[in-house]
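Reader: I am new to this structure and would like to go through it step by step. Please show it before I ask anything.

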Amino acid sequence: EDSYPYISLHPSRFLKLLQRFDFINHKGAFLDVGSGIGDKTFLAFALGKFERLVGLEYNRQNVGVANYLLAGLSKGSGGYPISNVFGDALDYVDYGGFDFIYMYRPFQSARKMSVLIERIAEQMKVGTVVVDGISSDIGFKRTPNGFAELDDNLKTWVSVELDTIIKRIW
């Protein structure tokens with residue numbers, strides 16, 4: 001299969017990603033593409049101020065584990081604004097409903113990753129940020145005129161072509 005199994009990212013690295021892209025205090029919607037057992041979706045809720053969080057996962061067993069863990073945590077608390085759903089990232093049709101889209105290289109194939117990035121780019125709204133946790137090189141946002149990437153030295157977003165972003169995948 002072309003997708004990776006569940007891969008964990010240390011919480012401190014995830015926190016740095018949220019901080020780097022200024023999403024710690026953001027009140028919007030968060031999507032984890034290839035969410036595994038839902039740990040980053042829950043961590044985004046715990047660390048940030050997201051109002052809606054979705055974990056999209058292709059492995060039904062992982063979705064079941066994620067929902068089981070979430071149910072165990074939310075007993076008596078009134079629940080969380082988190083859902084873990086089964087689905088194929090290449091067929092997903094709601095990328096435009098999120099402000100921050102996180103992934104950790106869900107596909108082994110450069111071709112499939114390119115298709116995924118293009119699909120997300122087609123649907124994402126202005127202001128949405130997409131980050132691949134496997135590499136600090138892959139982080140971009142939709143602007144009114146196209147796309148931009150964060151220049152860490154200048155601490156500002158600079159214009160970039162989508163093809164350049166896709167080439168950085170590998």
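What follows is a set of questions and answers on this predicted model.

Reader: What pattern does the chain follow along the sequence?
Author: The model is predicted. The chain has 5 helices and 8 strands. Read along the sequence, these elements give the pattern α-β-α-β-α-β-β-α-β-β-β-β-α.

Reader: What percentage of the residues in the chain is buried?
Author: A residue counts as buried when its relative accessible area is under 20%. The chain has 170 residues, and the buried part of them is 47%.

Reader: Among contacts between residues at least 6 apart in sequence, what share joins residues at least 24 apart?
Author: A contact here means heavy atoms within 4.5 Å. Of the contacts in the chain between residues at least 6 apart in sequence, the share that joins residues at least 24 apart is 63%.

Reader: Which element gives the most residues to the largest nonpolar core?
Author: The largest nonpolar core has 28 residues, and Leu31, Tyr95 and Leu116 touch the most other members. At least two residues of this core come from each of strand E1 (29–33), strand E2 (52–57), E4, H4 and helix H5 (162–167). With 5 residues, the element that gives the most to this core is H4.

Reader: Which residues does Tyr95 contact, leaving aside its neighbours within four places in sequence?
Author: Tyr95 is one of the residues that touch the most other members of the largest nonpolar core. Leaving aside neighbours within four places in sequence, the contacts of Tyr95 are Leu31, Val33, Leu56, Ala89, Ile101, Leu116, Arg119, Ile120, Gln123 and Met124.

Reader: Is Phe98 buried or exposed?
Author: Phe98 sits in the loop between E3 and E4. Leaving aside neighbours within four places in sequence, Phe98 is in contact with Ala29, Phe30, Leu31, Arg52, Val54, Tyr92, Lys125 and Thr128. The relative accessibility of Phe98 is 0%, so Phe98 counts as buried.

Reader: How far apart are the C-alpha atoms of Phe98 and Val130?
Author: Phe98 and Val130 are 32 residues apart along the chain. The separation of their C-alpha atoms is 9.7 Å.

Reader: Why can the buried residues of H2 be said to line one face of the helix?
Author: In helix H2 (residues 39–47), the buried residues are Lys40, Thr41, Leu43 and Ala44. They pack against H1, E1, E2, strand E3 (82–86) and E4. Seen down the axis of H2, the buried residues line one face because they fall within an arc of 165 degrees.

Reader: In the salt bridge of Asp39 and Lys40, which residue is buried?
Author: The side chains of Asp39 and Lys40 meet in a salt bridge at 2.6 Å, N to O. Asp39 has 25% relative accessibility and so counts as partly exposed. At 5% relative accessibility, the buried residue is Lys40.

Reader: How many residues apart in sequence are the parts tied together by Arg105 and Asp132?
Author: The side chains of Arg105 and Asp132 form a salt bridge of 2.9 Å, N to O. Arg105 is in the loop between strand E4 (100–103) and helix H4 (110–123), whereas Asp132 is in strand E5 (residues 129–132). Arg105 is buried at 5% relative accessibility, and Asp132 is buried at 2%. The parts that this pair ties together are apart in sequence by 27 residues.

Reader: How many residues apart are Arg20 and Asp152?
Author: Arg20 forms a salt bridge with Asp152, with the closest N and O atoms 2.8 Å apart. Arg20 is in helix H1 (residues 11–20), and Asp152 is in the loop between strand E7 (146–151) and strand E8 (156–160). Arg20 is partly exposed at 24% relative accessibility, and Asp152 is partly exposed at 35%. This pair links distant parts of the chain, and the distance along it is 132 residues.

Reader: What is the relative accessible area of Leu69?
Author: Val65, Tyr68 and Leu69 make a nonpolar surface patch of about 300 Å². Leu69 is in helix H3 (residues 60–74). Leu69 is partly exposed, and its relative accessible area is 40%.

How values were computed. Residues are numbered from 1 along each chain as its sequence is written. This is a predicted model: local features need pLDDT of at least 70, side-chain atom pairs count only at pLDDT 80 or more; totals for chains, interfaces and linings use all residues. Side-chain values use heavy atoms; hydrogens and water are left out. A salt bridge is a side-chain nitrogen of Lys or Arg within 4 Å of a carboxyl oxygen of Asp or Glu. Helices (H or I, at least four residues) and strands (E, at least two) are DSSP runs, numbered from the N terminus. Buried means under 20% relative accessible area, exposed over 50%, partly exposed in between (1.4 Å probe, protein chains only). A nonpolar core is a set of buried Ala, Val, Leu, Ile, Met, Phe, Trp, Tyr and Cys residues joined through side-chain atoms within 4.5 Å. The arc is that of the directions from the helix axis to the C-beta atoms. Patches are made of residues with over 30% relative accessible area and no salt bridge: like charges are joined within 9 Å, nonpolar side chains (Val, Leu, Ile, Met, Phe, Trp, Tyr) within 5 Å. Accessible areas come from the Shrake-Rupley method with a 1.4 Å probe; for residues, only the protein chains shown count as cover.
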